[in-house]
Amino acid sequence: MTGRFPKHVFAEGEEPDARLTLANERTFLAWIRTSLALLAGAVAVHTPALDLDTWVKTAASLCLLAAAGLAITQSWTRWRATERAIRTGEPLPGFGGPVMLASVVGVLIVGVAVGVIVVAVR
């Protein structure tokens, strides 16, 4: 198959059932949407409308930006590994993306809660 990117994925194995490839692509796009939502959240948290200390806003925004970057990286890595496994008949790879995302969001929730408590105590 000429002209397909990435070549190292499409050069291996046989052409799979299109439904498997399309399902893999939908999962990839879902993770892209998740990373865009995290990016939007980072921008929203750092607005003057929120009555939080600057350090809380900055920490929350950086946490969300890091999660968005990790989600983008994980989505590409996962798509590539899954597509290769589908084409070669190997077992599907494991995926720690949801655990990573849940951990980052959990840390973010605790951090913002602490920030809200600090503002309320003053």
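Colleague: Hi! Where should I start looking? Which residues have the most contacts inside the largest nonpolar core?

Modeller: Hello! Keep in mind that this is a predicted model. The largest nonpolar core has 14 residues, and those with the most contacts inside it are Leu 38, Leu 64, Ala 67, Leu 101, Val 104 and Leu 108.

Colleague: Nice. Which helices supply at least two residues of this core?

Modeller: Helix 2 (18-45), helix 3 (54-88) and helix 4 (97-121) each do. Helix 3 gives the most, with 6 residues.

Colleague: Let's take helix 2 and helix 3, then. At what angle do they pack?

Modeller: The angle is about 170°, and their axes are 8 Å apart. Angles over 145 degrees count as roughly antiparallel, so helix 2 and helix 3 are roughly antiparallel to each other.

Colleague: And what classes of residue make up the contact of helix 2 with helix 3?

Modeller: That contact has 18 nonpolar, 7 polar and 3 charged residues.

Colleague: What about helix 3 and helix 4: roughly parallel or roughly antiparallel?

Modeller: Helix 3 and helix 4 pack at about 175°, with their axes 10 Å apart. That makes helix 3 roughly antiparallel to helix 4. On the helix 3 side, the residues in contact include Leu 64, Ala 67 and Gln 74, and on the helix 4 side they include Leu 101, Val 104 and Gly 111. By class, the residues of this contact are 12 nonpolar, 4 polar and no charged.

Colleague: One pair left. How do the axes of helix 2 and helix 4 cross?

Modeller: They cross at roughly 10° and come within 13 Å. That makes helix 2 roughly parallel to helix 4. The contact of helix 2 with helix 4 has 4 nonpolar, 2 polar and no charged residues. Here Trp 31, Thr 34 and Leu 38 of helix 2 meet Gly 97, Pro 98 and Leu 101 of helix 4.

Colleague: Which residues of helix 4 are buried?

Modeller: Gly 97, Met 100, Leu 101, Val 104, Leu 108 and Gly 115 are buried. What covers the buried residues of helix 4 includes helix 2 and helix 3.

Colleague: Quick check on length: what span should helix 4 have?

Modeller: At 1.5 Å a residue, its 25 residues should span 36 Å, and the end C-alpha atoms of helix 4 are 36 Å apart, which agrees.

Colleague: Back inside helix 3, is Ser 75 buried or exposed?

Modeller: Ser 75, which is found in helix 3, is buried, with a relative accessible area of 2%. Not counting residues up to four places away in sequence, Ser 75 touches Phe 28, Trp 31 and Ile 32.

Colleague: Last one: where is Phe 10?

Modeller: Phe 10 is in helix 1 (residues 7-10). Buried means under 20% relative accessible area, so Phe 10, at 11%, counts as buried. Beyond residues up to four places away in sequence, Phe 10 touches Arg 4, Phe 5, Trp 79, Glu 83 and Arg 87. Phe 10 and Arg 80 are 70 residues apart in sequence, and their C-alpha atoms are 9.6 Å apart in space.

Key: Residues are numbered from 1 along each chain as its sequence is written. This is a predicted model: local features need pLDDT of at least 70, side-chain atom pairs count only at pLDDT 80 or more; totals for chains, interfaces and linings use all residues. Side-chain values use heavy atoms; hydrogens and water are left out. A nonpolar core is a set of buried Ala, Val, Leu, Ile, Met, Phe, Trp, Tyr and Cys residues joined through side-chain atoms within 4.5 Å. Buried means under 20% relative accessible area, exposed over 50%, partly exposed in between (1.4 Å probe, protein chains only). Helices (H or I, at least four residues) and strands (E, at least two) are DSSP runs, numbered from the N terminus. The expected span of a helix is 1.5 Å times one less than its number of residues. Contact means heavy atoms within 4.5 Å. Axes are lines fitted to C-alpha atoms, for helices over the stretch in contact, and angles run from 0 to 180 degrees between N-to-C directions. Angles under 35 degrees count as roughly parallel, over 145 as roughly antiparallel, 65 to 115 as roughly perpendicular and the rest as oblique. Ala, Val, Leu, Ile, Met, Phe, Trp, Tyr, Cys and Pro count as nonpolar, Asp, Glu, Lys and Arg as charged, and the others, Gly among them, as polar.
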